[in-house]
Amino acid sequence: MGHAQWSDKSYSRRLLWQIVIGSFILAIAGAYAVDFVHQRWTEDHHPDIDLLNEQFRQAIEQFDPSIFLLSIARPEQETSQSLITFLTKLSPDEMCLWLEHIARHHNDQDLKLIKSIMVLDDGAYEYLKLYRALWTSLPIKPHDATLPVQLGQLLEADPISRYAHFAVGVYWLHHHQIDPAIEAYWAEAEQYDADYAREQVVTICFAYERYDAMAKWVSDPSYQPLLTEHDRIVIHAGNGNWWVVFWRVPILVWGDVSPYLAVLSLIVGSFWFVFLILASQPGDALPRRIGLGIAAVCLGILSVWPTIFMAIWQEYAWGLIEGETPISKVLFYILGVGLREELAKALLVLPLVPWLAKRDDGLCMLLISACVGLGFAVEENMQYYDRFEMGSIAGRFLTANIMHMMLTGWVGMELCWLWRYPRKRAVEFVSVFALAVIGHGAYDVAFDLVDPQDMFLMSIAPYVILLLIVYRFFHLIRSYRQPSQQGVSLMFVYTLGVCVSGLVMVWLQSWLLGPAEAFTTISQEVMFMGIMSVVMFQQIPQSLRD
């Protein structure tokens, strides 16, 4: 079938209905097939993990030392052997937590018994004894924060034994004396090259925002394995090193991108890209329009860089964080999220403005600018995957692309008109940009404040806001677009893209949550996409044939 025949067939109403109905059938059948494969894969590859977790999860979360001691003192019991087997799977850090808990509750005879049964080495046994000395010497009054004689003697020994400074650090931390605690852990790390002490230094400095103390070791090679790139950026931000923060943001954003999620984001985004390019009515300029669109998408991906930098700057320079009250959330999402994201995208539209503004073509301005928003959405979807559980945010793959590309298209178009007519369009540009910021923030606020378990009318509030944005965008396309039946039908591209995106999301959710939960969590997004389709068909009419 040739290109002309395909273009003609894409105007068939019957074909569109076949795509929609076939997608529903594939969604249901594929969801259960994916769930079946997932269950078989899990059984084949992880036969004992769930069993161990089920047996000992409560024992870990609600630790009772007396029960633990009783079980390990009777190794002939099957449960005891299972527990000891489980303990051997613990990491050194997890084992230390267990040892600390034991040391707080048992006397020296108990510790010897534990040592013999668990086959602890001398270092771990000394660690236990020091903790025993520590917890038996804690003052009764919590405000009595003088160092006990027993712990002071540990620091007077020559040489000072391993764990001595560590025990003193635990004592000071117990009494919320943060700076002495950091110094004690630091001394332990320096004297014995102890990573377990360095971990405490890092944990406490971040927990209590001791950025000045962090500056001493942020460049120390011995601390690098304990720090993520986000940790390093936070340290520099806390100390006001903004130039360093700016150049480290790309490492944070693109240093560890999941290839699977990159493919998923590109699949969903590619359909919208095709839609935007075809809707711009390129005619003979199609290759040039595609190149301009790809450049715009790349600029949109790049706009995540200034967005993340502004997010860090707003938090540490402005103190703008998401609070618990509705007012604080409104301020955070409008002055924080909405402002920085729309501003960053507008800044990255600027390199395209001289080319877009050359021709008096509002449709091209609108849709190529929208490609910048689409690129931002594709990249942001990957960032959300790193920060949240995939099962809770998969629906945003259907809605985030829409919101970002439509708002950026509108703002970018006004920016182009401002370039051509700076005096006439200044007020209109400021008004549109403010509306985009407020609309973006209101959409996020609605999602945050509305509990899905609340009244149905309240739970759809975010989609009502998004629907207003959708209506405005399609209305702008209609006002600039010339009626045409040439080329592939926009309705065909739109319908195919929405259906394929929905299929991918349903199958992904089924893999993560199971079919029933998948259909429940994505139901509102599917309903919204259906309503949006009605708006699109009404605003961009094309004659369909039976």
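The expected span of a helix is taken as 1.5 Å times one less than its number of residues.

## Basis of the model

This is a predicted model, in which local features need pLDDT of at least 70 and side-chain atom pairs count only at pLDDT 80 or more, while totals for chains, interfaces and linings use all residues. Residues are numbered from 1 along each chain as its sequence is written, and side-chain values use heavy atoms, with hydrogens and water left out.

## Overall composition

The protein chain has 29 helices and 0 strands; helices (H or I, at least four residues) and strands (E, at least two) are DSSP runs, numbered from the N terminus. Of its 546 residues, 48% count as buried. Buried means under 20% relative accessible area, exposed over 50%, and partly exposed in between, with a 1.4 Å probe and protein chains only.

The chain exposes about 28,100 Å², and carbon and sulfur atoms supply 62% of that area. Accessible areas come from the Shrake-Rupley method with a 1.4 Å probe; for residues, only the protein chains shown count as cover. Among contacts (heavy atoms within 4.5 Å) with a separation of 6 or more, 73% join residues 24 or more positions apart.

## Helix α18

Helix α18 covers residues 304-318. Its 15 residues should span 21 Å at 1.5 Å a residue, and the end C-alpha atoms are 20 Å apart, which agrees. The buried residues of α18 are Val 304, Trp 305, Pro 306, Thr 307, Phe 309, Met 310, Ile 312 and Gln 314. After α18 comes Gly 319, with a positive phi near 75°.

## Nonpolar cores

A nonpolar core is a set of buried Ala, Val, Leu, Ile, Met, Phe, Trp, Tyr and Cys residues joined through side-chain atoms within 4.5 Å. The largest one has 82 residues, and the members touching the most others are Phe 275, Leu 276, Phe 473, Phe 474 and Met 532. Beyond its neighbours within four places in sequence, Leu 276 is in contact with Leu 367, Ala 370, Cys 371, Leu 374, Met 405 and Phe 473. A second, separate core of 29 residues includes Tyr 185, Ala 213, Leu 227 and Ile 235.

On the surface, Phe 36, Val 37, Trp 511, Leu 512 and Leu 513 form a nonpolar patch with about 450 Å² of accessible area together. Patches are made of residues with over 30% relative accessible area and no salt bridge, with like charges joined within 9 Å and nonpolar side chains (Val, Leu, Ile, Met, Phe, Trp, Tyr) within 5 Å. Helices α2 and α27 (490-513) each supply at least two residues of the patch, and α27 gives the most, with 3. Leu 512 lies in α27 and counts as partly exposed because its relative accessibility is 40%.

Asp 35 belongs to helix α2 (residues 13-45). Its relative accessibility is 15%, so Asp 35 counts as buried. Setting aside residues up to four places away in sequence, Asp 35 touches Ser 510, Gly 514 and Pro 515.

## His 165

His 165 is located in helix α10 (residues 164-174). With a relative accessible area of 13%, His 165 is buried. Not counting residues up to four places away in sequence, His 165 touches Leu 155, Ile 160, Ala 184, Ala 187, Glu 188 and Gln 191.

## Salt bridges

Side chains of opposite charge can pair when their charged atoms come close. A salt bridge here is a side-chain nitrogen of Lys or Arg within 4 Å of a carboxyl oxygen of Asp or Glu, and by this rule the count is 9. Arg 210 and Asp 179 form one of them, at 3.1 Å from N to O. This pair links distant parts of the chain, 31 residues apart: Arg 210 is in the loop between α12 (195-207) and α13 (211-217), and Asp 179 is in helix α11 (residues 178-192). Arg 210 is partly exposed at 24% relative accessible area, and Asp 179 is partly exposed at 43%.

Lys 345 pairs with Glu 342, the closest N and O atoms being 3.0 Å apart. The two are 3 residues apart in helix α19 (residues 326-349), so about one helical turn separates them. Lys 345 is buried at 0% relative accessibility, and Glu 342 is buried at 1%. In helix α24 (residues 422-449), Glu 428 and Arg 425 are likewise separated by about one helical turn, being 3 residues apart; their salt bridge has an N to O distance of 3.1 Å. Glu 428 is partly exposed at 36%, whereas Arg 425 is buried at 17%.
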